[in-house]
Amino acid sequence: MNPSVAVVILNYNGRHYLEQFLPSVLASTYPGVRVVVADNASTDDSLEYLRNSFPGVEVLTHDTNEGFAGGYNWALRLVKADYYVLLNSDVCVTPGWIEPVISLMETDAKIAACQPKLLSYKEPGMFEYAGAAGGWIDSLGYPFSRGRIFDVCEPDEQQYNDTIPVFWASGAAMFIRAELYHAMGGLDASFFAHQEEIDLCWRLQLAGYKIMSCPASVVYHVGAGTLPRGGRKVFLNFRNNLLMLHKNLPWNEKIWKLPLRLVLDGVSAIKGLLQGDVDFFTAIFKAHFAVHRLWLKRGEIHKSQQRRPLCGLDGVYEGTVVWQYFVKRKTRFRDIIQKKVL
């Protein structure tokens with residue numbers, strides 16, 4: 001028998017995305033796939049639309065918007081399956097997108113999570129920002145992807161079609177073993193949104209599991225569907241990245257990497273200010289202040305039980321992507337990661 005799969009779409013005021021993309025999910029060919037829309041306290045007409053247009057779709061309703069992390073933790077406590085697929089509402093899938101990932105994960109019980117290849121819905125020949133062909137991280141904690149370095153996305157020329165271990169799987173379309181999701185305590189709800197999937201994948205690797213990229217499965221992502229670019233997004237990205245480092249780095253790395261990150265983030269903030277982006281500058285300042293405030297409150301930052309050197313994990317670049325991108329002007333993953341990574 002095929003393992004059970006539940007595709008759970010967390011919706012927040014995404015009626016137009018449900019109308020556009022839910023039919024593609026319902027057309028999935030995986031036998032017995034369960035499709036669930038978990039509504040995260042929407043204030044638009046999403047629920048009415050689902051009742052009228054998709055009466056057979058299972059709908060969960062929440063009275064509080066707890067963000068991506070808290071919303072999924074709430075929803076997945078109510079869903080029983082062997083595998084969960086966390087799927088953004090602004091993702092268009094292809095009919096056979098589930099089968100390659102489940103087949104891969106079934107070959108090795110140590111594979112905890114996996115992502116398909118993410119291409120841009122607006123430019124189908126380009127990789128999409130939120131994961132591309134699998135997430136990596138550098139030695140200072142800056143995330144990037146096979147096919148995306150900072151804001152530069154590469155064209156998909158089949159250059160990353162190999163199935164390999166990565167550091168993190170994109171939360172836009174993340175397959176994960178349900179048992180392990182709950183065993184790890186799910187996503188860290190304090191993150192609210194952004195980089196919570198990277199933190200979860202880091203914890204899974206620390207526990208001895210693998211994260212994989214499976215480019216045989218392809219989906220198309222709009223991107224920034226529920227939280228567009230702006231000060232709030234910058235704040236969450238910088239704050240959550242620092243929280244993740246506080247949680248998961250061993251002390252002998254944390255003691256020098258966090259001060260260095262303070263300097264680098266400060267340079268980034270000042271550059272934004274000089275370019276006239278006051279919101280960007282303010283957001284970074286607020287992010288660092290928020291982390292410092294939590295650090296001063298003993299116990300507010302929950303630390304991982306297991307610690308291992310960051311560069312001993314899969315999908316880690318031992319240098320710094322900041323140097324490669326801003327100084328050496330390298331914008332392609334293959335130009336930075338030149339060694340064979342299999």
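**Exercise 1. A helix and its buried side**

Which residues of helix α4 (residues 98-106) are buried?

Solution. The model is a predicted one, in which local features need pLDDT of at least 70, side-chain atom pairs count only at pLDDT 80 or more, and totals for chains, interfaces and linings use all residues. Residues are numbered from 1 along each chain as its sequence is written, and side-chain values use heavy atoms, with hydrogens and water left out.

Step 1. Apply the criterion: buried means under 20% relative accessible area, exposed over 50%, and partly exposed in between (1.4 Å probe, protein chains only). Helices (H or I, at least four residues) and strands (E, at least two) are DSSP runs, numbered from the N terminus.

Step 2. The buried residues of α4 are Ile98, Val101, Ile102, Leu104 and Met105. They lie on the same side of α4, because they cover an arc of only 160 degrees around the axis; the arc is that of the directions from the helix axis to the C-beta atoms.

Step 3. Identify the partners, where contact means heavy atoms within 4.5 Å. The buried residues of α4 pack against the strands β1 (5-11), β4 (83-88), β6 (111-120), β12 (173-177) and β13 (210-221).

**Exercise 2. The pairing of β13 and β6**

Determine which strands pair with β13, and describe the surroundings of β6.

Solution. Step 1. Two strands pair if DSSP finds at least two bridges between them.

Step 1. β13 and β6 run parallel and are joined by nine bridges. In this pairing, leucine 119 has tyrosine 220 of β13 as its bridge partner, while serine 120 stands opposite histidine 221 in β13.

Step 2. Strand β5 (residues 91-93) pairs with β13 in the antiparallel sense over three bridges. Here valine 91 has histidine 221 of β13 as its bridge partner.

Step 3. Strand β11 (residues 164-165) is also antiparallel to β13, with two bridges. The bridge partner of isoleucine 164 in β13 is serine 213.

Step 4. β6 and β12 run antiparallel and are joined by two bridges, with alanine 113 opposite isoleucine 176 in β12.

Step 5. Of the 12 residues of β13, nine are buried, and β13 is thus mostly covered. For β6, 10 of the 10 residues are buried, so β6 is largely enclosed by the rest of the structure.

**Exercise 3. Two helices in contact**

How are the axes of helix α7 (residues 231-248) and helix α8 (residues 251-274) arranged, and which residues meet?

Solution. Step 1. Axes are lines fitted to C-alpha atoms, for helices over the stretch in contact, and angles run from 0 to 180 degrees between N-to-C directions. The axes of α7 and α8 come within 11 Å and cross at roughly 170 degrees.

Step 1. This crossing makes α7 roughly antiparallel to α8; angles under 35 degrees count as roughly parallel, over 145 as roughly antiparallel, 65 to 115 as roughly perpendicular and the rest as oblique.

Step 2. From α7, Phe238, Asn241, Leu242, Leu245 and His246 meet Lys254, Leu258, Arg261, Asp265 and Ser268 of α8. The residues of this contact comprise four nonpolar, three polar and three charged. In this classification, Ala, Val, Leu, Ile, Met, Phe, Trp, Tyr, Cys and Pro count as nonpolar, Asp, Glu, Lys and Arg as charged, and the others, Gly among them, as polar.

Step 3. Asparagine 241 of α7 is buried, with a relative accessible area of 3%. Apart from neighbours within four places in sequence, asparagine 241 is in contact with Gly141, Pro143, Gln195, Leu236 and Arg261.

**Exercise 4. Individual residues**

Is leucine 206 buried or exposed? What is the phi of alanine 41 and of histidine 194?

Solution. Step 1. Leucine 206, in helix α6 (residues 196-206), is buried at a relative accessible area of 5%. Not counting residues up to four places away in sequence, leucine 206 touches Asn248, Ser304, Gln306, Arg307, Arg308 and Leu313.

Step 1. Alanine 41 is not a glycine, yet has a positive phi of about 65 degrees. Alanine 41 lies in the loop between β2 (34-40) and α2 (46-53) and is buried, with a relative accessible area of 16%.

Step 2. Histidine 194 is likewise not a glycine, and has a positive phi of about 85 degrees. The loop between α5 (178-183) and α6 holds histidine 194, which counts as buried at 18% relative accessibility.
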